Amino acid sequence: MIELHYWPTPNGWKITIMLEECGLPYSLVPVRIGRGDQFKPEFLKISPNNRMPAMIDTAPANGGAPLAIFESGAILMYLAEKSGQFMPSDITGRYGVIQWLMWQMSALGPIGGQNGHFKLYAKEKIPYAIERFGNEIDRLYGVMDRRLGEVEFLAGDYSIADMACFPWIMTHKAQGITLDVFPNLKRWFATLRAREALQRGLAVGKDWKRDSPAMDEEARKVLFGQTAANTARQ
Ligand SMILES: N[C@@H](CCC(=O)N[C@@H](CS)C(=O)NCC(=O)O)C(=O)O
């Protein structure tokens, strides 16, 4: 059984989308990131970077002890391997998926996060930062649009690379981007959004936000201004 430590955010949705797509049974442990659950010692044991998602497979394929994994890209690869779905086993197909997954993890996600931070959340609006990350996220959307002009999905067939990117394209309006100027991306986005499993994945934990909203004063205090010193384990 997969135990997913989760909160409904773009990095969390990647995993609920995959779990719904591949049909592996799973249970959920909420990590209220706006309330500091990511600093609880039991969570840091499985996710030392104090970020969710993280997971534990209580029955890994090698029959060994429960296996804990953090970082959404690593979790997606693990679930693809475990289920035998959404990542081909031949070397050409596999690395086709991995390279786009790494692109999402190293570029689309982090730059989208910084763009959102400076555009929406930062109390002080810094024009240079807004322009810098606005340009870069626009460039990345362009990279994806060009790729999707050549192939239906990022790595040929629908894969974990598409699942990783979707939540970060879903936030395009908040990022200040219109998909009208990226027609191939717009086509891909509509195709994925129509998938029932993906919609189920996006709905996981939707109600939780009522008690613990994504961003309020308490969440700001927990999420912003983290340093090595103030996040050190007690
Ligand atoms: N590279 C990580 C990023 C995860 C991440 O940034 N998670 C955010 C929510 S989307 C989080 O847990 N934030 C808690 C915090 O900032 O303390 C991954 O893809 O798993």
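Where is Gly156 found? Gly156 sits in the loop between H5 and H6, where helices (H or I, at least four residues) and strands (E, at least two) are DSSP runs numbered from the N terminus.

Before I continue, two notes on conventions. This is a predicted model, in which local features need pLDDT of at least 70, side-chain atom pairs count only at pLDDT 80 or more, and totals for chains, interfaces and linings use all residues. Residues are numbered from 1 along each chain as its sequence is written.

To return to Gly156: this residue counts as partly exposed because it has 15 C-beta neighbours inside 10 Å. The cut-offs are 20 or more other C-beta atoms within 10 Å for buried, 12 or fewer for exposed, and partly exposed in between, with C-beta atoms placed from the backbone. Leaving aside neighbours within four places in sequence, Gly156 is in contact with Gly96 and Val151; contact requires C-beta atoms, placed from the backbone, within 7 Å. Gly156 and Arg146 are 10 residues apart in sequence and 14 Å apart in space, C-alpha to C-alpha.

Gln175 lies in another loop, the one between H6 and H7. Is Gln175 buried or exposed? Gln175 is buried, because 21 other C-beta atoms lie within 10 Å. Not counting residues up to four places away in sequence, Gln175 touches Gly112, Asn115, Gly116 and Ile137.

Beyond four places in sequence, Ala161 touches Val97, Trp100, Leu101, Gln104, Leu154 and Ala155.

Finally, the sheet. Four strands form an open sheet in the order S2-S1-S3-S4, with mixed pairing; two strands pair if DSSP finds at least two bridges between them. Strands S2 (26-30) and S4 (67-70) are the edges, each pairing on one side only. From one strand to the next, the twist averages 20°. S3 and S4 pair in the antiparallel sense over four bridges, and the bridge partner of Ala54 in S4 is Phe70. H1 packs on the sheet, touching S1 and S2, and its direction makes about 155° with that of S1. Axes here are lines fitted to C-alpha atoms, for helices over the stretch in contact, and angles run from 0 to 180 degrees between N-to-C directions.

Note on methods. Two residues are in contact if their C-beta atoms, placed from the backbone, lie within 7 Å.
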